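Hi everyone, thanks for coming. Let's look together at how two chains meet.

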Protein chains: 2
Amino acid sequence: MAEREPQVKIADMFTDRWSPRAFSSKPVKESDLQCLFEAARWAPSCYNEQPWQFYYVTADSPRHAKFVETLVDLNQSWACNAPALIYIVGQNNFKYNSKANPWSGFDTGAAWMSLALQARQMDLYTHAMAGFKQNAAMKFLGLDKKTHTVYAAIAAGYLGDKSMLNTDLQEKEEPSDRISTAEFVYKIV
Amino acid sequence: MAEREPQVKIADMFTDRWSPRAFSSKPVKESDLQCLFEAARWAPSCYNEQPWQFYYVTADSPRHAKFVETLVDLNQSWACNAPALIYIVGQNNFKYNSKANPWSGFDTGAAWMSLALQARQMDLYTHAMAGFKQNAAMKFLGLDKKTHTVYAAIAAGYLGDKSMLNTDLQEKEEPSDRISTAEFVYKIV
């Protein structure tokens, strides 16, 4: 497995988090799932609006298969094995005045990052997918795109053996690298 | 100071992070600022696109005052004391095909959360502000709204004494609470 080398020393949790596709069928305890949402809960948001919502299903639910069907085919092939699947949704409008909240996506992304980092504290992994069918997901969740935006589907669970993946995905089953900070950090002098 | 009580046990870092307005004038070492950006670097993003950018100024820069002027008045009054000010920006289009990236804000929010959590590992605090002048910020950064979105201005530094704030802000100088997970987490059964 590729080693991630940070350019400067940071907490290990950031490089220890990556997005596998091979998930073990071992169930995640309901109380552990609640810890993921609890971490997300404390994320900061514009006006402390907390625009995020989480909709989740576990593998033992009769609606698990329906959730899987809302993903694109490639993601269905592996995410179907994850013991928990979550949709992370942002509310488009501020609750206090019903006007558009331009920070809903940004703040919901912050909540997602907290969830992903808390997962690693419990030996859990997460994989966020943009590859889902927007209309199918909205319909599955019973939401209206005027008021809600589905940002990502998240697979969560314990790490599985990559032999469960097809050959193409097996080759990709390792932590991804990043561009250098020199490419995205600018000091104003 | 208000105590934050999580509903279920999570890593302390999530409740230890909050957004003060009283920042000490103690400078933040350049190498420590780089750790903040490094943590952001490892955030996940759609297609590993890494759409985020960070533009920062330190208190000793001749352009620090110009940065402060791009904030709304209320934020100017306290953020001017923060030893580092950062604009976090998202690139609107995918680099690989120049098409609109609907996840740019969400992914940039994830990078911001990583930065904020790494800060607390080094006894630093951050405060993200939506209260900045969008056009003035774009002009200050030399960016075009067709290609970039400024999501937040971030004050970063060590905690200061709240007596430095005006009376109204002194009263607000404590960690904010959150709504219950019951209000934003839905189990699909």
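A word on angles to begin: under 35 degrees counts as roughly parallel, over 145 as roughly antiparallel, 65 to 115 as roughly perpendicular, and the rest as oblique. This is a predicted model, so local features need pLDDT of at least 70 and side-chain atom pairs count only at pLDDT 80 or more, while totals for chains, interfaces and linings use all residues. Residues are numbered from 1 along each chain as its sequence is written, and chains are lettered from A and ligands numbered from 1 in the order in which they are written.

Now find helix α5, residues 104-121, in chain A and in chain B: the two pack at about 55°, their axes 6 Å apart. Axes here are lines fitted to C-alpha atoms, for helices over the stretch in contact, with angles from 0 to 180 degrees between N-to-C directions. Helices (H or I, at least four residues) and strands (E, at least two) are DSSP runs, numbered from the N terminus. The pair α5(A) and α5(B) is therefore oblique.

How are the two copies related?

As for the contact, 58 residues come from chain B and 58 from chain A, where contact means C-beta atoms, placed from the backbone, within 7 Å. On chain B's side, α5(B) gives the most, with 12 residues.

Finally, β1 of chain A, residues 52-58, runs parallel to β5(B), joined by three bridges; DSSP must find at least two for strands to pair. Tyr55(A) stands opposite Tyr186(B) there.

How values were computed
Contact = placed C-beta atoms within 7 Å.
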